[in-house]
Amino acid sequence: PQVIFIDPRGAQFEVDVEVGENVMQAAVDNMIDGILGECGGVLSCATCHCYVDPDWQDKLPPASEQEEDMLDMVVDPKENSRLSCQLEMTEELDGLVVRLPRSQF
Ligand code: FES
């Protein structure tokens, strides 16, 4: 399956992601600017913040309480904000569209 990252200027990057891998790791492995993932995916940094395309929002499991708490700390949170380390790839998510924030700080 693939994830499509869109940067703030509208450039698109299609990345292959293994089922079971998380979106933050895929972004970091493919050197997608804008996703840092400093804590390695353990919900303690929030530098993997992204915006999930509204068409995909309800196809994802809802954020845990811990994720919600971390989302309170991101720059420019929106209703479709998620932490990409918490988004685990499945076959059903093939074509998932994720927008990158302008900044993680
Ligand atoms: Fe640190 Fe997602 S990588 S919270």
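Which residues does A27 touch, not counting residues up to four places away in sequence? A27 touches F5, I32, I35 and S84, where two residues are in contact if their C-beta atoms, placed from the backbone, lie within 7 Å.

The model is predicted: local features need pLDDT of at least 70, side-chain atom pairs count only at pLDDT 80 or more, and totals for chains, interfaces and linings use all residues. Residues are numbered from 1 along each chain as its sequence is written.

The protein has 3 helices and 5 strands, in the sequence pattern β-β-α-β-α-α-β-β. Helices (H or I, at least four residues) and strands (E, at least two) are DSSP runs, numbered from the N terminus. Among contacts between residues at least 6 apart in sequence, 64% join residues at least 24 apart.

The 5 strands form an open sheet in the order 2-1-5-3-4, with mixed pairing. The edge strands, strand 2 (12–16) and strand 4 (81–83), each pair on one side only; two strands pair if DSSP finds at least two bridges between them. Strand 1 and strand 5 run parallel and are joined by 4 bridges, with F5 opposite V98 in strand 5. Strand 3 and strand 5 run antiparallel, with 2 bridges, and V52 stands opposite V98. Strand 3 also pairs with strand 4 in the antiparallel sense, over 3 bridges; Y51 has S81 in strand 4 as its bridge partner.

What is buried here? Buried residues make up 31% of the 105 residues, a residue being buried if 20 or more other C-beta atoms lie within 10 Å of its own. In a regular strand the side chains alternate between the two faces of the sheet. Strand 3 is covered on both faces: H49 and Y51 are buried on one side, C50 and V52 on the other.

The largest nonpolar core has 23 residues, and those with the most contacts inside it are V3, V23, A27, I35, C50 and V98. Such a core is a set of buried Ala, Val, Leu, Ile, Met, Phe, Trp, Tyr and Cys residues joined through C-beta atoms within 7 Å. Strand 1 (2–6), helix 1 (23–29), strand 3 (49–52) and strand 5 (96–99) each supply at least two residues of this core. Helix 1 gives the most, with 4 residues.

Conventions:
A residue is buried if 20 or more other C-beta atoms lie within 10 Å of its own, exposed if 12 or fewer, and partly exposed in between; C-beta atoms are placed from the backbone.
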